[in-house]
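This report describes one protein model with its ligand.

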Amino acid sequence: MSQTITVIRGDGIGPEIMDATLHVLDAMDLGLSYEDADAGLAALEKHGELLPAATLDSIRRNKVALKSPLTTPVGEGFSSINVALRRHFDLYANVRPARSYPNTLARFPGDVDVITVRENTEGAYIGEGQAITEDGETATLVQKVTRRGSDRIVRYAFELARSTGRKKVTVVHKANILKTTSGLFLKVAREVAAQYPDIECNEMIVDNCCMQLVMRPEQFDIIVTTNLFGDIISDLCAGLIGGLGLIPGANIGHEVAIFEAVHGTAPDIAGQGKANPGALLLGAAQMLDHIGKPDQAERLRKAIVATLEAKDSLTPDLGGSGSTMDYTRAIASRL
Ligand code: NAI
C-alpha cells in the first residue's frame with residue numbers, strides 16, 4: 001500500500017536538500033507519495049502565516065512528515081515553529097544519532113556511534129515564566145520536568161536500546177545542583193532502568209559527560225537527557241563527527257513523527273547548490289525505519305557511506321567540490 005508523507009520544503013537551503021532527498025527516495029522505488037505543505041517563511045509569503053492550519057491537518061492525516069529547516073523570523077512574536085510543531089503534536093522524543101563516517105572533516109578519527117535521546121517538550125524550553133524586571137537587571141525563566149515526561153522519554157531510550165540491539169543507556173543530568181528538575185528526572189530514570197535489567201545503565205553529570213564525549217566517545221551508546229542538555233550534547237556529537245551535515249533528527253510522538261536534519265537553513269550558502277543533503281537523507285532513513293522499512297533504511301545509509309568512502313562528488317563542507325545534485329546522484333548510483 002502506498003504511504004503518503006507530508007513534505008515541508010522549508011527555507012534557505014531547505015528546497016535544495018529536499019529536492020535531493022526526494023530524488024534519492026524516488027530512485028529507491030518505495031511506493032511513497034508526497035503531500036506538499038508549507039511552513040516557515042515560505043508559508044508566511046504564500047499564506048500570511050508561519051504555520052498554516054492546512055499544514056497541521058496534513059501532518060495529522062498522514063502521521064509522518066519529512067521537514068527541511070525553517071526560518072523563524074525574529075520579532076514576529078513567534079518563538080520557534082519547530083518548538084510549536086513539537087508541542088502541537090506532543091513529539092516528546094527527539095532522537096539524534098551521530099556516528100563516524102569516512103572522509104569527513106572530523107577533527108578526531110572516529111569511533112563515535114551514539115544516539116542522543118532528548119526530551120523534547122519540557123525542561124527549559126516550555127517558554128513559561130520568561131520575565132525581565134523593569135530595570136533590566138534580572139531575568140527569570142521557569143523550567144518544568146514531570147514524572148510522566150521523564151518516564152516516557154527514559155522508557156523510549158530503553159526500548160530503543162532493546163529494538164536496535166544496543167547495550168547501554170547513559171542518563172545525563174545535573175541533579176547535584178538542579179535538585180528539583182534534574183533530581184526528579186534522575187529519580188524516575190532509576191525507576192525505569194530497574195525494569196530493563198538486560199540493558200546496562202549508568203549516570204553522568206552533564207559537564208563531565210561533555211568532557212567524556214570528547215575524550216572517550218566510544219564509551220557511549222545511547223544518551224537520554226532533558227531538553228536543554230540534549231540540544232547541546234547532540235551538537236557536540238555533531239562536531240565530533242565532522243559537522244551538522246551528518247546528523248538527522250527524528251521527533252517522535254504517539255501519533256505523529258516528523259523527520260528532519262538537525263542543521264538550520266544555512267542562509268550563507270542558500271541557492272548556491274552546494275548544501276550537503278546528507279542530514280536530511282539520514283532523516284529520511286530514520287523515517288523508513290519508522291514506517292516499517294528498516295531494510296530500505298539500511299540500503300540508503302549504506303549508499304551514503306559508500307559514496308563517502310569513494311569520495312565521490314562530496315560537497316564542500318565534507319572537503320570536496322561537488323554540488324548538492326552531483327553528490328545526490330553519486331549516492332543514488334550506489335543504492
Ligand atoms: P545553520 O545550521 O543554518 O548554519 C550553521 C553553519 O553550518 C553555516 O555556516 C551553514 O552554511 C552550515 N551548514 C548548515 N547546514 C549545512 C549543510 N546541509 N551543508 C553545508 N553546510 C551547512 O545555523 P544558523 O545559521 O544558526 O541558523 C540559520 C537559520 O536556521 C535560523 O533562522 C534558524 O532559526 C534556523 N534553524 C532552523 C532549524 C530547523 O528548522 N530545524 C534548526 C536550526 C536553525
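Asn94 stands opposite Asn251, a residue of strand β11. The model is a predicted one, in which local features need pLDDT of at least 70 and side-chain atom pairs count only at pLDDT 80 or more, while totals for chains, interfaces and linings use all residues. Residues are numbered from 1 along each chain as its sequence is written, and side-chain values use heavy atoms, leaving out hydrogens and water.

**The sheet**

Strands β4 (residues 93–99) and β11 (residues 248–252) run antiparallel and are joined by three bridges. Strands (E, at least two residues) and helices (H or I, at least four) are DSSP runs numbered from the N terminus, and two strands pair if DSSP finds at least two bridges between them.

β4 and β11 belong to an open sheet of 10 strands with mixed pairing, in the order β2-β1-β3-β12-β11-β4-β5-β10-β8-β9. Its edge strands, β2 (32–37) and β9 (200–205), each pair on one side only. On average, neighbouring strands of the sheet are turned by 25° against each other, direction ignored.

**Helices on the sheet**

Helix α4 (residues 81–88) lies across β3, β4, β5, β11 and β12, and runs at about 155° to β12 (257–261). Helix α5 (residues 147–164) packs on the sheet, touching β4, β5, β8, β9, β10 and β11; its direction makes about 160° with that of β5. Contact here means heavy atoms within 4.5 Å. Axes are lines fitted to C-alpha atoms, for helices over the stretch in contact, and angles run from 0 to 180 degrees between N-to-C directions.

**The ligand**

The table gives polar contacts, which are pairs of N or O atoms within 3.5 Å.

| Residue, backbone atom | Ligand atom | Distance |
|---|---|---|
| Gly264, polar | oxygen | 2.7 Å |
| Thr265, N or O | oxygen | 3.0 Å |
| Asn276, polar | nitrogen | 2.9 Å |

On its own the ligand has 820 Å² of accessible area, and the protein covers 65% of that (Shrake-Rupley method, 1.4 Å probe).

Note on methods
A polar contact is a pair of N or O atoms within 3.5 Å; within protein, one must be able to donate a hydrogen and the other to accept it, and residues adjacent in sequence count only if both atoms are side-chain atoms.
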